[in-house]
Amino acid sequence: MVRPGETQWIGARAQNGLKIMKLSEVSETALEAFYAEVLTPAFPPDELITWDELREAAAGDLGPGALVFDGETPLGGMLGEIYPRSGVLLLSYIAVRPEARGRGIGQTLLTDVIPRWRAAIRPSLVIAEIEDPRFHQPNVYGDPDARLRLYHRTGSVLVPMPFFQPSLRPGVPRVFDMLLICLGETAQTVSAKIVSVFLDEYFELCEGSEVLTADPDYQVLRQFCEQGDDGRLPLWPLDRVAEIPRFIEVGR
């Protein structure tokens, strides 16, 4: 889901014969092609924004979004959300058309567009959630291990806690065995309070305020934010994924 942000996003620009455009400048026809041909093949239904949510976000310029085109064909794109209480920018989606993978489009988005968003928004953190390749196998939606390698190459680091994605809408289950990563962080630690406030915002937005106090799984998740020293959480290289404990649902 993409939410409002108070900033100006990059406009169209040419790079390597491709064109990078902000979400609100894309025609509805091209946006629909991006949803059907790029996003939908890349994410299972439980993790995917709806078409109506994407169209609403683009029409209202509700958040950071960038699409990569070869002529009129969308090859890939990236969507983000801003969480105002924590100041976190969540990278909600990054996807590349299946037949265009391997051309460096994902790396271009992460290394070119993310720094522009960071300079414009000045977020406290840039965070993404990705499938843990130990428990999510390669499938029709892509290869979790390849995604992890992409983020590793582009300088992302790991928040050392097990994670699960909230239910994105009623009737859709949570997605367990996820990883929480920070993009472009050079510090060795991050504020535990910022991460905690972000989690509260994210889960409240998706599942309602009652989850913050009444849900046992969420309480376990939040406890991991209280295990740092002096209010800080360490950041680990992504090659330490094997050291992250698996989150076990309460009552599973």
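Guide: Two strands pair if DSSP finds at least two bridges between them. The model here is a predicted one.

Visitor: What makes β6 and β8 a pair?

Guide: Strand β8 covers residues 175–182 and is joined to β6 over five bridges. At least two are needed, so five bridges are enough to call them paired. Their sense is antiparallel.

Visitor: Why is strand β6 described as largely enclosed?

Guide: Buried means under 20% relative accessible area. Seven of the seven residues of β6, which spans 125–131, are buried, so the rest of the structure largely encloses the strand. Leu 125, Ile 127, Glu 129 and Glu 131 point one way, while Val 126, Ala 128 and Ile 130 point the other way.

Visitor: Why is Pro 138 called exposed?

Guide: Its relative accessible area is 54%. Exposed means over 50%, so Pro 138 qualifies. Pro 138 sits in the loop between β6 and α4. Neighbours within four places in sequence aside, Pro 138 is in contact with Asp 143 and Pro 144.

Visitor: What makes Asp 143 a cap for α4?

Guide: A side-chain oxygen of Asp 143 lies 3.0 Å from the backbone nitrogen of Asp 145, at the N-terminal end of the helix. The limit for a polar contact is within 3.5 Å, so 3.0 Å falls inside it.

Visitor: Which residues of α4 are buried, and how do you know that they lie on the same side?

Guide: Pro 144, Leu 148, Leu 150 and Tyr 151 are buried. They cover an arc of only 160° around the axis, so they are on the same side of α4. Their cover includes β5, α3, β6 and β8.

Visitor: How do you know that some of the model needs caution?

Guide: Residues 1–12 have pLDDT under 50. Where pLDDT is low, predicted coordinates should not be read in detail. Across the protein chain the average pLDDT is 89, and 91% of the residues score at least 70.

How values were computed
Residues numbered from 1 in each chain as written. Predicted model: local features only at pLDDT ≥ 70, side-chain atom pairs only at ≥ 80, totals over all residues. Heavy atoms only, no water. Buried < 20%, exposed > 50% of the residue type's maximum accessible area, 1.4 Å probe, protein only. Helix = DSSP H or I, 4+ residues; strand = E, 2+ residues; numbered from the N terminus. pLDDT = per-residue confidence, 0-100. Contact = heavy atoms within 4.5 Å. Arc of directions from axis to C-beta. Polar contact = N/O pair within 3.5 Å; in protein donor to acceptor, adjacent residues only side chain to side chain.
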